[in-house]
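Let's take a look at the charged pairs in this one. Have the sequence and the 3D view open as you read.

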Amino acid sequence: MFKFIRGLMAGDDAREIKQLMRIVETVNSLEPQFEALNTDALAVKTGEFKERLSRGEKLDDLLPEAYALVREGAKRALGQRHFDVQVVGGIVLHQGRIAEMKTGEGKTLALTMPAYLNALSGKGVHVVTVNDYLARFHSQWMGRVYNLLNLEVGLIVHGINPEERRQSYEADITYGTNNEFGFDYLRDNMVLYKEHLVQRPLHFAIVDEVDSILIDEARTPLIISGAIDQDTSQYYRYAKLVPRLRSETEYTLDEKTRTVTLTEEGVAKMEKALNLENLYDDVNMEISHHVNQALRAHVLMKRDRDYVVKDGQVIIVDEFTGRLMFGRRYSNGLHQAIEAKEGVKIERESQTLASITLQNYFRMYEKLSGLTGTAKTEEDEFRKIYGMDVVVIPTNRPMIRKALSDMVYRTEKGKFKAVVEEIVARHSTGQPLLVGTISIEKSELLSDMLKKRGISHDVLNAKQHEREAEIVAQAGCKGAVTIATNMAGRGTDIILEEGVAQLGGLHILGTERHEARRIDNQLRGRSGR
């Protein structure tokens with residue numbers, strides 16, 4: 001144990017870790033006591049803890065015993081034992097802080113300890129994940145531990161009815177996505193009768209991939225809206241006019257700020273086409289707004305990158321996770337402009353009935369904590385906005401992943417040709433590959449190139465999200481080639497087939513850098529776990 005602590009002390013958080021290790025040693029000393037209990041006796045312990053809380057004991061007093069109990073429960077339910085570093089992470093989460101644990105260190109298992117401990121109060125614990133797939137998978141997987149210890153687990157995902165939501169919120173621990181929790185809060189604020197509420201008061205939330213939810217998407221507003229009566233045919237008219245405009249001479253594009261603007265020549269062309277004297281006259285404000293949105297839809301919004309067309313609907317693709325955002329729509333007529341561009345049925349524009357940002361929603365919890373593999377770089381922001389500091393948790397074993405240098409090419413064509421050659425060479429040895437792309441369009445382009453070379457592969461992007469679990473399960477098999485958008489980044493656990501480690505393990509091949517460095521790090525983290 002002394003050697004372990006000495007190893008930990010090399011990091012920036014050495015003093016902090018050394019103090020937390022004293023609590024871990026207490027948890028470890030209780031392990032034989034809980035190992036001696038039968039499974040029924042473990043479940044009875046939960047009732048005993050609740051009784052002690054009701055008599056005035058604090059959660060901190062119960063922490064060593066509760067954590068030792070969860071560790072034993074996980075050993076019996078999952079065949080997995082919490083490592084000491086996972087216990088350290090669990091203590092940090094209970095303290096309402098952020099635990100930075102490197103990818104593959106077992107964050108999902110680590111959070112079971114603080115979730116169990118805080119659920120003993122009976123006020124409910126929310127475990128927040130980045131997508132429905134992970135919420136469902138983790139609630140079933142970790143639910144086996146909670147159920148063994150006599151706690152109920154709820155699940156909040158897209159498509160369940162209000163009664164099912166109410167029952168899930170009544171559970172001791174509730175898994176769900178940030179959007180679902182936020183929208184339920186908004187809907188609760190619109191109901192007329194108390195019995196129609198689904199959520200309980202917001203007590204404690206553990207946010208998985210906390211940097212994605214509380215930083216990347218913090219200012220994203222969740223909006224509940226109602227339709228406005230309007231003529232939608234006008235959108236088709238503008239969608240036909242805008243493609244006639246010539247780039248540079250009639251409109252200018254700024255890639256960095258993602259803005260597009262009509263030039264004087266472009267304005268004159270639109271005025272002539274629409275038979276207007278002045279496009280920017282006060283009486284023509286609505287028309288100029290529609291023209292600008294049609295131009296944005298035509299130039300800035302790319303199919304299979306920003307959105308997909310599925311079953312006659314335009315569905316937004318989340319730029320950070322690569323997933324489809326069902327039920328979400330662009331505001332100010334932009335979504336309608338895209339629908340007109342794609343020739344699908346145009347839904348009426350809507351007015352906002354209720355709105356909240358994720359930042360403001362999560363600040364309403366009594367206690368908030370989070371974990372991720374990439375948070376230290378944003379610590380100042382976490383402190384300033386949420387009052388949370390970041391503790392870097394050491395890895396259980398030294399990192400074995402080899403980081404290779406970037407290769408830069410003069411042309412995109414040359415780059416993708418080199419990517420294909422690299423895939424072919426490594427595939428011939430049987431080493432599995434995960435190839436990261438930043439859009440659906442690029443993943444499909446690469447797929448076509450591999451088909452021509454006769455390389456069998458799977459494509460994981462927003463169009464294939466129903467097959468996600470199946471594709472991920474095969475990605476670590478010998479000879480597997482998986483092309484993926486950043487859907488395969490956060491939270492995806494790729495298990496290696498026997499013998500694959502001897503071939504070099506899973507090889508990650510990124511085809512381009514993402515704007516956020518943390519997203520590249522998440523892709524890299526699928527290997528060396």
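Start with Glu163, which is partly exposed at a relative accessible area of 41% (buried means under 20%, exposed over 50%, partly exposed in between, with a 1.4 Å probe and protein chains only). Keep in mind that this is a predicted model, where local features need pLDDT of at least 70, side-chain atom pairs count only at pLDDT 80 or more, and totals for chains, interfaces and linings use all residues. Residues are numbered from 1 along each chain as its sequence is written, and side-chain values use heavy atoms, leaving out hydrogens and water.

Glu163 pairs up with Arg166 in a salt bridge (a side-chain nitrogen of Lys or Arg within 4 Å of a carboxyl oxygen of Asp or Glu). Both sit in helix α10 (residues 162–170), three residues apart, about one turn of the helix. Helices here are DSSP runs of H or I with at least four residues, numbered from the N terminus.

Here are some pairs side by side:

| Pair | N to O distance |
|---|---|
| Glu163 and Arg166 | 2.6 Å |
| Arg426 and Glu422 | 2.9 Å |
| Arg71 and Glu31 | 3.3 Å |

Arg426 and Glu422 are four residues apart in helix α19 (residues 412–427), so about one helical turn separates them. Arg426 is partly exposed at 25% relative accessibility, and Glu422 is partly exposed too, at 30%.

What about Arg71 and Glu31, buried or exposed? Both are buried. Arg71 forms a salt bridge with Glu31. Arg71 is in helix α5 (residues 59–77) and Glu31 in helix α3 (residues 31–35), so the pair ties together parts 40 residues apart in sequence. Both belong to a salt-bridge network that also links Glu35, Glu72, Lys75, Arg76, Arg81 and Asp84.

How values were computed
Helix = DSSP H or I, 4+ residues; strand = E, 2+ residues; numbered from the N terminus.
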